[in-house]
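Keep the viewer open as you read.

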Amino acid sequence: MEHEVSDSMLGPHPGTDGGFPRLLREWRQKRRLSQLDLALSSGVSQRHVSFLESGRANPSRNMILQLSETLEVPLRDRNAWLTAAGFAPRFRSRPLEDPQMAQVMSAVRMMLAAHEPFPAVALDRAWNVRMSNGPFDRLGAMLGDDVWDRIGGGPRNLMRLFFHPGGIRPFVSNWSAVGPLLWRRAQREAEALGGQEMKAVLADLAPFQDAEILWSAADAALVPVLPFEMQVKGLRISMFAIIATFGTAQDVTADELRIETLFPADAETEALFRNAATPER
């Protein structure tokens, strides 16, 4: 069951300064829909969509939820829509340690454990590592026990791991292919998910990047699978990632979780991880 909560329980909401009309217009444009497209998809008249965007009509609570569902607006931002229109937020934002998140976290732990002996990690929308399995931790340790401190400390952030000078980049042998695509993926996710946190991470890391990487990222076309290759301590490691999300989440924190599972891209890498998981006799 969904519960309404007070605004103070969820902290600041992005975009509430411009009011509901601006938020609706911006998200419609993010999804590259015309007012007519949105009207046909949501079952609302084009005239009413126009009136809502111009501020000539005030939305009902149900109308906000209907339009935000059609536009696939993240739950955090649906709360912002409601707040901007004068309604109470609808979706809770529970910390991961909250008892009511126990089932979600149990499912995440099982998914990460089931993926062993290969690395897997749970990320939030800013690519902060919220949970990881043993193979992921061992892979990180190969870069140095202090790798997370070298890239800035604080939350373990996968974007910082890849793009900070003290991170993984010196070990990635196909960086010219991987770098622009990862940067572009982060940009697109930040835009699609309204991710102000990721935008801040990108702004922090941009000064460290070669102009060619940023220029290439602007025109990069995302591909379904891109292997990245590493050379670490004389070992060659080739992997690719698959991402899963909680498609029916009714909590902001769960809605923003991403499960990233890494798979071996060749037989040698598969054998490397399987052998590392086999206890020595």
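Start at glutamine 46, which you'll find in helix H3 (residues 46-54); helices here are DSSP runs of H or I with at least four residues, strands are E runs of at least two, and both are numbered from the N terminus. Glutamine 46 is partly exposed, at 39% relative accessible area, on a scale where buried means under 20%, exposed over 50% and partly exposed in between, with a 1.4 Å probe and protein chains only. Its C-alpha is 9.4 Å from that of serine 34, a residue twelve positions away along the chain. Before going further: this is a predicted model, in which local features need pLDDT of at least 70 and side-chain atom pairs count only at pLDDT 80 or more, while totals for chains, interfaces and linings use all residues. Residues are numbered from 1 along each chain as its sequence is written, and side-chain values use heavy atoms, with hydrogens and water left out.

Arginine 32 is not a glycine, yet has a positive phi of about 60 degrees. You'll see it in the loop between helix H1 (19-30) and helix H2 (35-42), where arginine 32 is exposed with a relative accessible area of 76%. Further on, the peptide bond from glutamate 116 to proline 117 is cis, with omega near 20 degrees. That proline 117 belongs to the loop between helix H6 (102-114) and E1.

Which brings us to the strands. In E1 (residues 120-123), Ala120 and Ala122 point one way, Val121 and Leu123 point the other way, and all are buried. What does E1 pair with? With strand E2 (residues 129-132), E1 pairs in the antiparallel sense over three bridges, where pairing takes at least two DSSP bridges between the strands. Alanine 122 stands opposite methionine 131 in E2. The two strands make a hairpin with five residues between them, and tryptophan 127 in the turn has a positive phi of about 65 degrees. E1 is also joined to strand E5 (residues 258-264), antiparallel again, by four bridges, with valine 121 opposite glutamate 260.

The hairpin of E3 and E4 has two residues between the strands, and lysine 233 takes a positive phi near 50 degrees in it. At 68% relative accessibility, lysine 233 counts as exposed.

On to the rings. A pair of aromatic rings is described by the distance of the centres and the angle of the planes. Rings of Phe, Tyr and Trp (its six-membered ring) pair if their centres lie within 6.5 Å, and planes under 30 degrees apart count as stacked, over 60 as edge-to-face and the rest as tilted. By this rule there are six aromatic pairs. Phenylalanine 240 and phenylalanine 263 have ring centres 5.7 Å apart and planes at 15 degrees, so this pair is stacked. The pair links distant parts of the chain, with phenylalanine 240 in strand E4 (residues 235-245) and phenylalanine 263 in strand E5, 23 residues apart. Phenylalanine 263 is partly exposed, at 29% relative accessible area. Elsewhere, ring pairs link Phe163, Trp175 and Trp183 into a cluster.

Charges meet rings too. A charge sits over a ring if NZ of Lys or CZ of Arg is within 6 Å of the ring centre and within 35 degrees of the ring normal. Arginine 56 has its charged end over the ring of phenylalanine 51, 4.1 Å from the centre, and arginine 156 does likewise over tryptophan 148, at 5.6 Å.

Last stop, the pocket. The largest pocket has a volume of about 710 Å³, that is, the space filled by probe spheres set on grid points joined across faces, edges and corners. On a 1 Å grid over the protein atoms alone, a pocket is an open set of points where a 1.4 Å probe fits, with protein on both sides within 12 Å along at least five of seven lines, and lining residues have an atom within 4 Å of a point. Of the 32 lining residues, the closest to the centre are Leu182, Arg185, Ala241, Ile243 and Glu260. Which element gives the largest share of the lining? H10 does, with seven residues. Helix H7 (134-141), helix H9 (158-163), helix H10 (175-192), strand E3 (228-232), E4 and E5 each supply at least two. By class, the lining has 25 nonpolar, two polar and five charged residues, counting Ala, Val, Leu, Ile, Met, Phe, Trp, Tyr, Cys and Pro as nonpolar, Asp, Glu, Lys and Arg as charged, and the others, Gly among them, as polar.
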